[in-house]
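Dear colleague,

Please find below the structure that I am handing over to you. My findings follow it.

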Amino acid sequence: MAYSEKVIDHYNNPRNMGSFKKEEDGVGTGIVGAPECGDVMKLQIKVENDTIVDAKFKTFGCGSAIASSSLATEWLKGKTVDQAGQIKNTEIVQELNLPPVKIHCSVLAEDAIKAALNDYKKKAETETKPEESTASTGS
Amino acid sequence: MINPEDVRNAITDKTILISIMFANNEIGTIHPVKEIGKIAKEKGVLFHCDATQAVGKIPVDVQEAGIDLMSFTGHKIYGPKGIGALYVRRKAPRVRLVPMIDGGGHERGMRSGTLAVPLIVGFGKAIELCEQEMVEETRRIKALRDRLQEGIMNAMEEVYLNGHPTERLPGNLNISFAYVEGESLLMGVKEIALSSGFACTSATLEPSYVLRALGVGSDLAHSSIRFGLGRFTTAEEVEYTIDRMIKAVNHLREMSPLYEMAKEGIDLKTVEWAAH
C-alpha cells in the first residue's frame, strides 16, 4: 500500500515517544484499543496550571495509527486542558492525508486524548478533596 | 497440518469430492496428500488438489498421490500471467466434468474457447525449466530460507514460527513478532517485498484465517510476516533482510505499549482493554 510521506515521517521520527510514570503528579494516562483489533494507543499528558506542558505516546498499530498518536502529542503540548478536548479526529485525517480505510486510527487517537484528559481530571479531583477536608476542619 | 483421519471422518455417504490445498500459500505447510489420496480411493470419492504452490517447487505425482483433479498456474512458476491448468484424470477413474464455459466444444468439451497458444507455450517452458532445476533450486532456496529463519529468530526474543517446522515449502517462511503490528513492520521495511496477515485494509478487522485456525492468538496473528524466497533471491538480499527486520522490530518494540507492559511483567491476557 502507498504510505503518505507524513505518515512515514512519523514512523521514522516519532515525536514524543516514551512514557511518564503514571503516579507522577499532573500526569494523565489514556490507554485505548485492543490487541485483537490490531490497535493499542497509550497517550500521556503532563499538566501544570491547567496547561499541558508535555505529552508522550506509545502505539501498537499500523503506520497511520502511529502517526495519528504521534501527531496528537505534538498538538497537545502548549494547549490548556479545555483546548485539548476540542481536538477532532477529522483534523488529524486532514493533516496526515489519511485514506478512508484509516480514518478509524484518527478516531482512536481522539479517544486516547479524551481518555488521558479524563484520567488527569479524575486524579486532580481526588488530590483536591483531601485539601478541602483539612480546610473545613481548620475553619 | 491436515490430519488424514479428520478427512476420513468427514466423509459421508453423500460426499462426492474432497478438495485440499497441496501446500498452503501463507505458512507453507505441505499436507499429507498421499495419505488423503488413499482414503479418497478407499471411499470412492474424487480427490481434487489445488497444487498452485506445489507444482514446480516440490515433486508432484498424481499417480502416486491418487489425485483425480489438480489445479495449478503459470504465474507462480515464473511463467506468464493469465494461464492455468486443470489436470483431469482419464483412467481409474474417468472423471467427467460439466463445462462451465460452453460453446465450440474445445478441450474435449470441457472448456470452450480458442486456446491461448503463446501463454500455453510460456507455461510449458516454465514447467520445463522448473523440472530441470528443481533438485538444485530446492537445496539452494532451502539453505537461504533456513539462514533467514535463523538470522531473525536467533536475534530477537518472542518471535514464533507459524506452520510446520519441516514439512513446508522450501521458499516459505512465516514468523510472528510479539508486540509489533504487521502493517507497521512492513512499512518499516518497505523496500523489501513481504506480506502480512494484516486485514485493517480489508473489509473487516479480522487477521489471517489460517493463523486463527492454527490457534494463534489474535494479537500474534496481527503480528505475522510472510517471507517468500525464489529463483532470484540472493544471499545478500537475505542478509540485508535479516538486518532490516531486526532494526524495524526493535524500533517498533520501543514504541509499543504492549512490549512495555510485558517488560513490566503484566500478563496481557488479563488486561481489560477499552476497545471502541
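How many residues does the contact take from chain B and from chain A? In this predicted model, the contact takes 29 residues from chain A and 23 residues from chain B. On the side of chain B that touches chain A, the elements giving two or more residues are H5 (182-188), H7 (218-221) and H9 (257-263), each a helix of chain B. H5(B) provides the largest share of that side, with four residues. By class, the side of chain B that touches chain A comprises twelve nonpolar, seven polar and four charged residues.

Within chain B, there are two parts to consider: domain 1 (4-115) and domain 2 (134-270). Taken over C-alpha atoms, the centres of domain 1 of chain B and domain 2 of chain B are 30 Å apart. Their contact takes 14 residues from domain 2 of chain B and eleven residues from domain 1 of chain B. The side of domain 1 of chain B that touches domain 2 of chain B has five nonpolar, four polar and two charged residues.

I also examined one residue of chain B individually. B:Thr233 is found in the loop that lies between strand S8 (224-228) and helix H8 (235-254) of chain B. B:Thr233 counts as partly exposed because 18 other C-beta atoms lie within 10 Å, whereas a buried residue would have 20 or more. Leaving aside residues up to four places away in sequence, B:Thr233 touches B:Ile141, B:Leu144 and B:Val238. Between the C-alpha atoms of B:Thr233 and B:Cys49 there are 28 Å, and the two residues are 184 residues apart along the chain.

With kind regards

Methods: Residues numbered from 1 in each chain as written. Chains lettered and ligands numbered in written order. Predicted model: local features only at pLDDT ≥ 70, side-chain atom pairs only at ≥ 80, totals over all residues. Contact = placed C-beta atoms within 7 Å. Nonpolar A, V, L, I, M, F, W, Y, C, P; charged D, E, K, R; others polar. Buried ≥ 20, exposed ≤ 12 C-beta atoms within 10 Å, placed from the backbone. Domains from an automatic or database assignment.
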